[in-house]
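Visitor: Hi! I'm new to this one, could you walk me through it?
Guide: Happy to, here it comes.

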Amino acid sequence: MSRTGNSTPGRRRPPTIHDVAREAGVSRGTVSRVLNGGHYVSPAALEAVNAAIRRTGYVVNRHARSLITGRSDSVAFLLTEPQERFFEDPNFSVLLRGCTQALAAHDITLLLMSASDEPERRRIMRFLTGGHVDGVLLVSSHSGDPLATRLRKAGVPLVACGKPLVPSPEIAYVAADDRAGARDMVRHLLDSGRRRIATVTGPLDTPGGVDRLAGYREELAAAGLAADEELVASGDYSRAGGERAAAELLERAPDLDAVFVASDLMAQGVLAALRRTGRRVPQDVAVAGFDDSPAALAASPGLTTIRQPWERITAEMVRVLLAQIGGEKPSGVILPTELVIRESA
């Protein structure tokens with residue numbers, strides 16, 4: 001029994017662009033234009049081609065398309081933290097999920113990467129500048145981290161999550177209004193009668209850490225309360241870091257009656273430290289967080305916090321990045337936050 005071509009018995013040949021064209025009753029060129037954005041295609045032809053794609057089960061050959069368009073249809077989600085932080089901090093998974101969903105609407109794949117030291121940065125840079133991705137979503141960038149500058153110099157479109165500590169017209173960003181959110185929370189604590197309000201800061205080499213501390217100080221000053229540095233302790237956005245900082249605050253200022261914590265995860269650590277010393281929340285000490293992450297809902301009692309608009313943040317990061325990939329200049333977006341009141345404060 002003879003065989004024609006190189007087909008394999010029992011295995012169906014995948015549909016091609018020619019099959020789609022024949023099924024739709026249009027030219028191969030029309031199908032190609034539909035696959036590349038639908039420009040200069042009549043509504044009737046567009047509908048016919050899309051219906052033919054569904055009927056035939058045609059799947060775009062990404063490699064072939066990338067040779068024509070010069071694009072990979074992939075974007076990197078680059079975390080500049082140790083890998084274990086991704087699994088500990090719920091904010092990262094929320095951002096990853098949101099960005100993945102937003103990019104899926106454009107049929108773009110998201111690649112998760114991390115680079116927390118110089119050898120990793122060099123390895124990641126070789127990959128990112130080698131044409132394997134069309135752009136980068138940069139998450140948790142610390143001051144002194146050279147990745148953003150290196151990527152922009154290499155011409156790689158980039159959007160940072162969070163306002164850069166050193167503003168640059170070359171670096172696009174999307175951020176929540178950290179300073180205003182912190183002021184809203186401190187105002188809430190003051191309105192509830194608290195006067196010895198401490199804070200656990202985020203890392204002060206990150207924009208969120210700097211701006212949330214600035215908002216805390218500004219609102220106290222607006223209320224006529226002098227800033228007391230005994231009431232300020234540094235944290236690192238981890239639960240253990242929050243617990244350590246709370247122990248330090250309680251030793252220095254045992255009369256504190258509230259703690260504004262720069263992340264929900266750290267606030268869980270603060271709650272643990274207060275329980276260990278027999279202090280009741282909120283009767284003895286009110287505790288407030290920032291993010292409205294899953295850590296806020298898992299806290300006991302339920303955590304009063306500042307909600308970051310995660311869906312809008314991820315949607316805007318993807319929008320701004322795709323605009324850059326399309327040739328637009330970098331831009332910055334700052335989004336409002338919201339006070340969420342629960343049992344802890």
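Visitor: How many helices and strands does the protein chain have?
Guide: This is a predicted model, and its protein chain has 14 helices and 12 strands.

Visitor: And what share of the 345 residues is buried?
Guide: Buried residues make up 50% of them. As for contacts in the chain with a separation of 6 or more, 71% come from residues 24 or more positions apart.

Visitor: Switching topic: how many disulfides are there?
Guide: The count comes to zero.

Visitor: Is Cys99 buried or exposed?
Guide: Cys99 is buried, since its relative accessible area is 0%.

Visitor: What about Cys161, how accessible is that one?
Guide: Cys161 has 21% relative accessibility, so it counts as partly exposed. The cut-off for buried is under 20%.

Visitor: Okay, helices now. How do H9 and H10 pack?
Guide: H9 covers residues 178-191 and H10 covers residues 207-222; they pack at an angle of about 40 degrees, with their axes 7 Å apart. That angle makes H9 oblique to H10.

Visitor: Is their crossing left-handed or right-handed?
Guide: The crossing of H9 and H10 is right-handed.

Visitor: Which residues meet there?
Guide: On the H9 side, they include Asp178, Arg179, Arg183 and Leu190. On the H10 side, Asp211, Arg212, Tyr216 and Glu219 are among them.

Visitor: How do the residues of that contact divide into nonpolar, polar and charged?
Guide: The contact of H9 with H10 has seven nonpolar, two polar and eight charged residues.

Visitor: One more. Where is Leu147?
Guide: Leu147 is in helix H8, which spans residues 147-153. Leu147 is buried, with a relative accessible area of 0%.

Visitor: Which residues is Leu147 in contact with, leaving aside its neighbours within four places in sequence?
Guide: Those are Leu78, Thr80, Ala115, Arg121 and Met125.

Visitor: And how far apart are Leu147 and Ile124?
Guide: In sequence, Leu147 and Ile124 are 23 residues apart. In space, the C-alpha atoms of Leu147 and Ile124 are 9.4 Å apart.

Visitor: Thanks, that helps me find my way around!

How values were computed
Residues are numbered from 1 along each chain as its sequence is written. This is a predicted model: local features need pLDDT of at least 70, side-chain atom pairs count only at pLDDT 80 or more; totals for chains, interfaces and linings use all residues. Side-chain values use heavy atoms; hydrogens and water are left out. A disulfide is a pair of cysteine sulfur atoms within 2.5 Å. Buried means under 20% relative accessible area, exposed over 50%, partly exposed in between (1.4 Å probe, protein chains only). Axes are lines fitted to C-alpha atoms, for helices over the stretch in contact, and angles run from 0 to 180 degrees between N-to-C directions. Helices (H or I, at least four residues) and strands (E, at least two) are DSSP runs, numbered from the N terminus. Angles under 35 degrees count as roughly parallel, over 145 as roughly antiparallel, 65 to 115 as roughly perpendicular and the rest as oblique. A crossing is left-handed if the near helix is turned anticlockwise from the far one by less than a right angle, and right-handed if clockwise. Contact means heavy atoms within 4.5 Å. Ala, Val, Leu, Ile, Met, Phe, Trp, Tyr, Cys and Pro count as nonpolar, Asp, Glu, Lys and Arg as charged, and the others, Gly among them, as polar.
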